[in-house]
Amino acid sequence: MDKVTALISCSPIKSHPSTALIRECIESIKARTDARIIVMADGVREEQEEYRPRYTEFLTRLQAEYPDVEINAMTEHKHQARTTAETLLLVDTPVILFIEHDMALKGKIPIDEMVAMVMGGKADVIRLLYEDNDLINYTHLMLEQIGDYTKTMQWSQRPHFASTQYYRRILAQDFSPNSKTFIEDRMHGVIEAEDNWNNNKLWTYTPK
């Protein structure tokens with residue numbers, strides 16, 4: 001798919017060098033699309049130095065198992081926002097599919113429809129529901145439902161399709177060049193403080 005690049009964020013975890021978690025994620029993408037896949041591998045935190053050998057082995061195994069998957073590995077800890085900003089320099093498609101390494105896609109997803117919404121300017125982000133109670137917990141941030149989609153003022157880093165241009169804008173506009181943070185930790189406040197949905201066209205996929 002020449003319109004979408006899948007970005008998978010990862011960082012050192014205790015289960016490395018096992019690739020089981022991210023393998024499930026990669027396979028869930030490959031089962032639904034032939035999009036280019038880039039693994040955004042953050043560097044090792046100072047307090048996690050003991051993880052380095054296992055993390056290095058994990059990345060080596062991952063590349064051997066998936067030679068067609070690109071790995072953009074940071075040489076130092078930069079956290080999710082900066083790692084994503086740097087990886088976006090490698091992206092040449094108008095749409096990204098953002099997935100964290102332990103959040104494999106589930107069920108039927110109308111990918112072509114979502115890509116069309118983003119490319120047509122109707123959506124900046126279309127987020128997939130991951131927990132059954134999300135709509136209950138964030139009822140106050142859910143707006144109008146149109147068909148299978150609900151306008152929302154709630155940002156989540158759960159799997160989502162997004163405009164590449166939009167992502168570049170928010171990472172430059174709402175994050176300092178040296179910020180070390182999760183995207184969600186900053187963006188949920190930015191979005192909730194916004195008084196105009198059209199400035200951040202967020203949707204949640206909410207089919208019956």
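I count two strands as paired if DSSP finds at least two bridges between them. Helices (H or I, at least four residues) and strands (E, at least two) are DSSP runs, numbered from the N terminus.

Ground rules first. This is a predicted model, so I take local features only at pLDDT of at least 70 and side-chain atom pairs only at pLDDT 80 or more, while totals for chains, interfaces and linings use all residues. Residues are numbered from 1 along each chain as its sequence is written, and side-chain values use heavy atoms, with hydrogens and water left out.

**Entry 1: strands around E7.** I started with strand E6 (residues 142–146), which pairs with E7 in the antiparallel sense over 3 bridges. Glutamine 145 has threonine 150 in E7 as its bridge partner, and methionine 142 stands opposite threonine 152 of E7. The hairpin of E6 and E7 has 2 residues between the strands, and there I found glycine 147 with a positive phi near 65 degrees.

Next I looked up the other partner. E7 is joined to strand E9 (residues 202–205) by 3 bridges, again antiparallel. Here tyrosine 149 has tyrosine 205 in E9 as its bridge partner.

Which residues of E7 are buried on each side? I call a residue buried under 20% relative accessible area, exposed over 50%, and partly exposed in between (1.4 Å probe, protein chains only). Strand E7 (residues 149–152) is covered on both faces, with Tyr149 and Lys151 buried on one side and Thr150 and Thr152 on the other. In a regular strand the side chains alternate between the two faces of the sheet.

**Entry 2: helix H1.** In H1 (residues 20–30) I noted Ile22, Cys25, Ile26, Ser28 and Ile29 as buried. Seen down the axis of H1, these fall within an arc of 160 degrees, so they line one face of the helix. The arc is taken from the directions from the helix axis to the C-beta atoms. Their cover includes E1, strand E2 (36–41), helix H2 (52–65) and strand E4 (95–100), with contact meaning heavy atoms within 4.5 Å.

**Entry 3: helix H4.** In H4 (residues 111–119), Ile111, Met114, Val115, Met117 and Val118 are buried. They cover an arc of only 160 degrees around the axis, which puts them on the same side of H4. What do the buried residues of H4 pack against? I listed E1, E4, strand E5 (125–128), E7, strand E8 (160–163) and E9. Just after H4, glycine 121 takes a positive phi of about 85 degrees.
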